[in-house]
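Subject: Structure handover

Hello,

Here is the structure I promised to pass on. Please open it first, then read my notes below.

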Amino acid sequence: MSRSVAPPRVVNIADLRRLAQRRLPRLAFDYIDGGADDEITLRENRRAFQTVTFRPRSAVATTGADLRTTVLGTALELPFLLAPVGSSRLFYPRGEIVAAKAAGDAGTAYILSTLSGCRLEDVRAATRGPAWYQLYLVGGRDVATAGIARAKAAGFSALVVTIDTAVAGQRERDVRNGVKELVSGSLWEKLPFVPQVLARPRWLAGFLADGGLMHFPNVMLPTGPMGYADVGAALAQSVVTWPDLRWIRDLWKGPIVVKGVHTSEDARQAIAAGAEAVVVSNHGGRQLDGVPATLRVLPEVLEAVNGRAEVLVDGGIRRGGDVAKALSLGARAVLVGRAYAYGLAAAGEEGVARAIEILRTDLVRTLKLLGCASTAALDRSYINIPNDWYAPVAPKPVGATVRA
Ligand SMILES: Cc1cc2nc3c(=O)[nH]c(=O)nc-3n(C[C@H](O)[C@H](O)[C@H](O)COP(=O)(O)O)c2cc1C
């Protein structure tokens with residue numbers, strides 16, 4: 001492990017966040033760290049984990065702590081996957097490639113965003129673990145069809161369709177930091193926002209050596225790869241609807257994961273449209289501010305799904321104990337976003353590997369302190385849920401049938 005991310009410098013994810021803040025210009029750090037509007041949902045995601053408490057079984061000798069699981073028929077060493085994080089190449093040179101490699105080396109899956117700065121073929125080739133492709137319909141159906149075909153040919157094993165991005169959320173920190181001006185403004189408009197970039201020469205040198213402001217090579221428009229400045233408008237024109245999902249289902253044929261489910265109604269719709277798994281997600285509090293914490297919605301979705309699909313959850317996971325709580329509540333596995341993005345921004349591949357290692361060792365320790373031998377054995381008996389939560393006990397999800 002490189003000394004820059006080893007203890008005592010880096011003990012937890014908050015330490016990686018602090019290093020990321022030191023290495024990145026303000027606009028890039030805030031792009032990762034921030035949420036929409038008042039950031040209420042961003043905070044709620046975290047708070048929900050704090051209100052669920054553990055019920056350990058003490059004086060139990062657990063010989064090991066088995067973290068293995070199976071998601072969509074694929075065996076994983078860890079019950080957490082790396083969530084799609086767009087523009088990772090801004091945080092660190094070849095960001096998506098190095099993050100995918102770290103995920104594979106740790107025995108878990110990497111989910112590549114459509115809005116990636118690296119070619120999907122290069123990302124797939126960089127990891128020895130499973131890789132899933134997250135789809136936005138930016139550029140329209142023809143562009144998406146080409147992207148899906150490339151993902152299939154490259155060997156991505158599942159398609160993750162994100163449904164909570166009808167438009168990009170209003171991330172006020174991005175507006176104040178001059179993201180729009182720096183990306184597409186005139187020289188004059190850019191000037192007030194340049195000092196934050198010059199204040200981070202180490203990041204700037206890496207950014208320039210990596211080709212400067214990235215394009216989106218997986219969104220091939222007739223004119224070439226989509227440019228950075230076009231992303232907001234492109235998202236607004238590319239809302240995914242339920243009929244789109246049926247179309248995607250016919251095109252892709254492999255397993256489909258619907259990400260961005262907030263309600264039992266949408267969970268049922270997703271299954272009706274052919275999803276094998278759903279991710280209870282509010283995009284890490286970056287889209288509609290004021291929706292509840294994902295952990296609070298998870299029981300409602302589990303009840304609606306009733307074992308017909310696999311249920312994953314993300315939002316606010318910063319410790320192994322958070323993973324244990326989500327699994328105890330009934331999630332099959334979780335996705336982590338910022339936890340590894342901070343690591344990537346702090347120290348590239350080493351930083352992502354360190355983030356994964358922190359969550360893994362946390363989780364092992366948590367299991368031992370709970371007196372539980374494996375994450376697969378976690379259930380509601382290991383946690384207390386606040387009285388005011390709607391939380392019927394749903395059956396543990398069974399493995400969804402994977403289509404050939
Ligand atoms: C910087 C950043 C970029 C993101 N980009 C995408 C994306 O391109 N597609 C997507 O489906 N979700 C995206 N997300 C949402 C994550 O996949 C995930 O739902 C969220 O980060 C989970 O919350 P957490 O960061 O608290 O773990 C992004 C999140 C962050 C922090």
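Let's start with one residue. Arg 94 is partly exposed, because its relative accessibility is 41%. (Buried means under 20% relative accessible area, exposed means over 50%, and partly exposed lies in between; the probe is 1.4 Å and only protein chains count.) Phi of Arg 94 is positive, near 50°, and the residue is not a glycine. Look for Arg 94 in the loop between strand E4 (80-82) and helix H4 (95-106). (Helices, H or I with at least four residues, and strands, E with at least two, are DSSP runs numbered from the N terminus.)

A word on the source. The model is predicted, so local features need pLDDT of at least 70 and side-chain atom pairs count only at pLDDT 80 or more, while totals for chains, interfaces and linings use all residues. Residues are numbered from 1 along each chain as its sequence is written, and side-chain values use heavy atoms, with hydrogens and water left out.

Asp 37 sits in the loop between H2 and H3. Its relative accessibility is 32%, so Asp 37 is partly exposed. Then go to the segment before H1, where you will find Pro 8. A cis peptide bond joins Pro 7 and Pro 8, with omega about 10°.

Helix H3

H3 covers residues 40-51, twelve in total. From first C-alpha to last, H3 reaches 16 Å, close to the 16 Å expected at 1.5 Å a residue. (The expected span is 1.5 Å times one less than the number of residues.) Which residues of H3 are buried? They are Thr 41, Leu 42, Asn 45, Ala 48 and Phe 49. Seen down the axis of H3, these buried residues fall within an arc of 130°, so they line one face of the helix. (The arc is that of the directions from the helix axis to the C-beta atoms.) An α-helix has 3.6 residues a turn, so residues three or four places apart point the same way. The buried residues of H3 pack against helices H2 (26-33), H15 (294-305), H16 (320-329) and H17 (338-370). (Contact means heavy atoms within 4.5 Å.)

Helix H13

H13 runs over residues 242-252. Its buried residues are Trp 242, Asp 244, Leu 245, Trp 247, Ile 248, Arg 249 and Trp 252. Among the elements covering them are strand E6 (131-135), helix H6 (141-154) and strand E10 (256-261).

Asp 15

Asp 15 is in helix H1. Is Asp 15 buried or exposed? Asp 15 is buried, because its relative accessible area is 13%. Leaving aside neighbours within four places in sequence, Asp 15 is in contact with Arg 9 and Val 10. Asp 15 and Tyr 342 are 327 residues apart along the chain, and their C-alpha atoms are separated by 9.0 Å.

Best wishes

Note on methods:
Expected span 1.5 Å × (residues − 1).
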